[in-house]
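Hi there,

Here is the structure I promised to pass on. Please have a look at it first, and my notes on what I found follow below.

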Amino acid sequence: MASELARPPLQADERTALVGWLDLQRQILRWKCEGLNDDDAHRSVIPTSPAMTMAGLISHMRWTEHTWLVVLFLGEEEKLNPSFDESSEDADWHTEGRPVAELLAEYEAQCARSNEIVSAASLDDVGRHPGFRAGSANLRWMLIHLVEETGRHAGHADIVRELLDGTKGYF
């Protein structure tokens, strides 16, 4: 997949650049999972962060997209999202041995929904969830944050994958 990864056009409009960079970071996360079996995808290699597995990273990013674009931007209910579960710390990272292919499919579906939300709105539109301060950010701010968050976790995926089996590389 690395050869299929590309940065957005150098002369892109703002929306194309933002979504292009976000899509690239999403693709890098998926690429880092290629060829992993379920055991390795759930194996913890960082003793101080046991939930930071490849499966955990994918689950977390699925729910991060849901948090920002479905809950905070659209103002939909947060109860379905484990990120809001106050009874379990980092609940969105816990995958309970679910197949990595299933987690990737859910992430892919969430990314597709996120892109639909973004394409239907203005970058100046403001989030609609009244219960969270961050819900008052505009879509532009939320997309920039998602690029930052996804890129940071793509870096974590680089390290986790290298510790798992020595696979490394950027595109």
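Let me begin with Gln110: leaving aside neighbours within four places in sequence, Gln110 is in contact (heavy atoms within 4.5 Å) with Arg62, Glu65, His66 and Val70. Gln110 sits in helix α4, residues 100–119. Helices here are DSSP runs of H or I with at least four residues, numbered from the N terminus. Gln110 is buried, its relative accessible area being 6%. For that scale, buried means under 20% relative accessible area, exposed over 50%, and partly exposed in between, with a 1.4 Å probe and protein chains only.

A word on the source: this is a predicted model, in which local features need pLDDT of at least 70 and side-chain atom pairs count only at pLDDT 80 or more, while totals for chains, interfaces and linings use all residues. Residues are numbered from 1 along each chain as its sequence is written, and side-chain values use heavy atoms, with hydrogens and water left out.

Now the salt bridges. The structure holds 14 of them, each defined as a side-chain nitrogen of Lys or Arg within 4 Å of a carboxyl oxygen of Asp or Glu. Here are some that I looked at:

- Arg98 and Glu102 form a salt bridge, with 2.7 Å between the closest N and O atoms. Arg98 is partly exposed at 27% relative accessible area, and Glu102 is partly exposed at 35%. A network of salt bridges links Arg62, Arg98, Glu102 and Glu106, and Arg62 is also one of the contacts of Gln110.
- Arg152 and Glu149 meet in a salt bridge at 2.6 Å, N to O. They are separated by about one helical turn, because they are three residues apart in helix α5 (residues 139–165). Arg152 is partly exposed at 40% relative accessibility, whereas Glu149 is buried at 9%.
- Arg161 and Asp165 pair in a salt bridge at 3.1 Å, N to O. Both lie in helix α5, four residues apart, about one turn of the helix. Arg161 is buried, with 6% relative accessible area, whereas Asp165 is partly exposed at 38%.

Next, the helix packing. How do α1 and α5 cross, and how far apart are their axes? The axes of α1 (residues 14–33) and α5 come within 9 Å and cross at roughly 20 degrees. Axes are lines fitted to C-alpha atoms, for helices over the stretch in contact, and angles run from 0 to 180 degrees between N-to-C directions. The two helices are therefore roughly parallel to each other; angles under 35 degrees count as roughly parallel, over 145 as roughly antiparallel, 65 to 115 as roughly perpendicular and the rest as oblique. Among the residues that make the contact are Trp21, Leu22 and Arg26 of α1, and Leu143, Val147 and Arg161 of α5. The contact of α1 with α5 divides into 12 nonpolar, four polar and six charged residues. In that sorting, Ala, Val, Leu, Ile, Met, Phe, Trp, Tyr, Cys and Pro count as nonpolar, Asp, Glu, Lys and Arg as charged, and the others, Gly among them, as polar.

α1 also packs against α4, at an angle of about 180 degrees and with the axes 12 Å apart. That makes α1 roughly antiparallel to α4. Residues of α1 including Arg15, Val19 and Arg26 meet residues of α4 including Leu104, Tyr107 and Cys111. This contact has seven nonpolar, three polar and five charged residues.
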